[in-house]
Amino acid sequence: MVTEISQDGFFSGMHKGMTITAALLVLGFVLFTGVMPDLAGGLFGTTRTWIETTFSGYYLITVMLLLVVCAYIVLSRHGSVRLGPDDSRPDFSNFAWFSMLFSAGIGIGILFFGVAEPTFYFDNTGAFGYPNNPHADMAGAAAMNYERAIDALRVSVFHWGLHGWAIYVIVGMSLAYFAYRKGLPLALRSALYPFIGERIFGPIGHAVDILGVLGCVFGVATSLGLGVSQMAVGLERLIGTDPGLNSQLVLIAVISTVSVISAVSGVKRGIKIISEMNIWVSVAVVATFLIGGPTLWLIGAFGDTVLDYALNFIPMGLWFADDPGTTEWQQGWTIFYWGWWLAWAPFVGIFIARISRGRTLREFVLGVLLVPTMIIFVWLIIFGGNALHQELTAAGGPGSGGIIELVNAWNLPAALFESADGIAGTGAFGWVLSALMVFLLMSWFVTSSDSGTLVLTTILSLGNEEPPQRFRVFWGVVIGLVAATLLMAGGLKALQTALIAAALPLSVVILVMTAGVLVSLFRESRRRVGASQRQ
């Protein structure tokens, strides 16, 4: 293994072959998608549609299986196993750990969809050609009333809750277990060790790791491309700047620069500090939405939504649509989300593993599965609930508040700020609230980007937790350039579609990883039992 890492020259500390291959693949993809966005979009779109149509049932079963494995780890004797030697202890405090989990694992996405998604599910006009919310329709909540609002929130937290985080848990747990307990590299290849042994250091391992690197680059670049549109709208409201392409490119440059600086400083400095700051600012924003909005209504909606979710999340996870309208909805939303979680899992999983050394498996699973999920529940129900309450109580009747209209026009950035205006108005207080949300959009992306840069350089250095700084800079710049190039060429949608299509092979890798860690845990348990019997 050591001989594969360059010992001198420009590539010192890195795997030269994988680094060059990954860079060339990124370049080739960007050229193809940027020069021929229509062809690329059509090709990737056709592939994605085929995958979602053919493998919907497979995705549903896979994600549910991973959730079952999480429950098994918590309840079994394996839960006491530590991610490291038996006497190891966590590197980070619980607060720092939770902050980094949430900021890297979800961050910008929940701001982008936090208002828009519940609003879409609340609408009943079928503006996109299929039912807005089949789960509400099946429950008899077809009218835009309180019952449909709760169903809209339930479906939203379903897509952002336990099922998605179970994917992150399994990947992060597998990688941390093999890295810190078995002494293997902190890379995707290590989870294959129980099946192919030392061959993980050959072509199979290289291919798996490169797939993870590409997913990381394209995933973070896609989020940056989507996020800057929302940031630009926010800045227009704050200081009157044009939200067009030039402003978005400037934002990409600024955020990429800050991300590189943070990544170079390492996990224990930049990433940790910014993640903790994100949490405190998020608390201030959420508190404003809670206190400034219909507080008692939101508290009641929170209780009703969590109860509704607890009673229905298993049936919802196993429900398979079987008619054209509901099938199109499920593929466009649930299957899209499962693919998105799967595509992001290598990046987020490695970062979670990186910050989780010393914790027990039970502590790891419960922490990663439950804490971010509860934070997301609070965020979605307070943000989405405010928008739904504004639509329910609109002067022109339910559904006439203007937010649904923005969502149906797919102007999701404006929907968030429109909801904020309903709470704080458009005066000084509203300006401050908008400024805080723009800051969160930027800082959350910084934590996702610097985490991604650290992760992919860790992979390309075969598990070095402090990879060479020049390559952190290089890949941080690459991510920004990919987002900027595709934004100018109109290829971001094609990139997003390709990322979802890539979730299919990644799902197979994740299932193998799951089997690998279970096999290794059973072997370790048998050895311990045998050792105790000999004593």
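**Exercise 1. By class, how many nonpolar, polar and charged residues does the lining of the largest pocket have?**

Before we start, note that this is a predicted model, in which local features need pLDDT of at least 70 and side-chain atom pairs count only at pLDDT 80 or more, while totals for chains, interfaces and linings use all residues. Residues are numbered from 1 along each chain as its sequence is written, and side-chain values use heavy atoms, with hydrogens and water left out.

*Step 1.* Begin with the term: on a 1 Å grid over the protein atoms alone, a pocket is an open set of points with protein on both sides within 12 Å along at least five of seven lines, and lining residues have an atom within 4 Å of a point.

*Step 2.* Look for Phe113, Leu226, Phe336, Trp410 and Gln496, which lie nearest the centre of the largest pocket among its 46 lining residues. The space inside is about 1300 Å³, a volume being the space filled by probe spheres set on the grid points, which are joined across faces, edges and corners.

*Step 3.* Now sort the lining: 25 residues are nonpolar, 17 polar and four charged. Here Ala, Val, Leu, Ile, Met, Phe, Trp, Tyr, Cys and Pro count as nonpolar, Asp, Glu, Lys and Arg as charged, and the others, Gly among them, as polar.

*Step 4.* Helix H2 (residues 37-75) gives the largest share of this lining, six residues. Helices (H or I, at least four residues) are DSSP runs, numbered from the N terminus.

**Exercise 2. Find the residues that lie nearest the centre of the second largest pocket.**

*Step 1.* Go to Phe29, Phe218, Ala498, Leu499 and Ala502; they lie nearest the centre, and 13 residues line this pocket.

*Step 2.* The elements giving two or more residues to that lining are H2, H10 and helix H21 (492-501).

*Step 3.* Sorted by class, the lining of the second largest pocket has eleven nonpolar residues, two polar and no charged. Its space is about 200 Å³.

**Exercise 3. Which residues line the largest cavity?**

*Step 1.* A cavity is a set of grid points where a 1.4 Å probe fits but cannot get out. A search of the whole structure finds one cavity of 30 Å³ or more, and the volume of the largest cavity is about 40 Å³.

*Step 2.* Its lining consists of Leu186, Ile350, Phe351, Arg354, Leu454, Val455 and Thr458. Helix H15 (334-354) and helix H19 (428-460) are the elements that give two or more residues to it.

*Step 3.* By class, this lining has five nonpolar residues, one polar and one charged.

**Exercise 4. At what angle do helix H1 and helix H20 pack?**

*Step 1.* Two packed helices are described by the angle between their axes and the distance between the axes. Axes are lines fitted to C-alpha atoms, for helices over the stretch in contact, and angles run from 0 to 180 degrees between N-to-C directions.

*Step 2.* H1 (residues 16-35) and H20 (residues 469-489) pack at about 10°, with their axes 9 Å apart. The two helices are therefore roughly parallel to each other, a description for angles under 35 degrees.

*Step 3.* Look at the contact (heavy atoms within 4.5 Å): among its residues are Ala22, Val26 and Val30 of H1, and Trp475, Val478 and Val482 of H20. The contact of H1 with H20 has ten nonpolar, four polar and no charged residues.

How values were computed
Angles under 35 degrees count as roughly parallel, over 145 as roughly antiparallel, 65 to 115 as roughly perpendicular and the rest as oblique.
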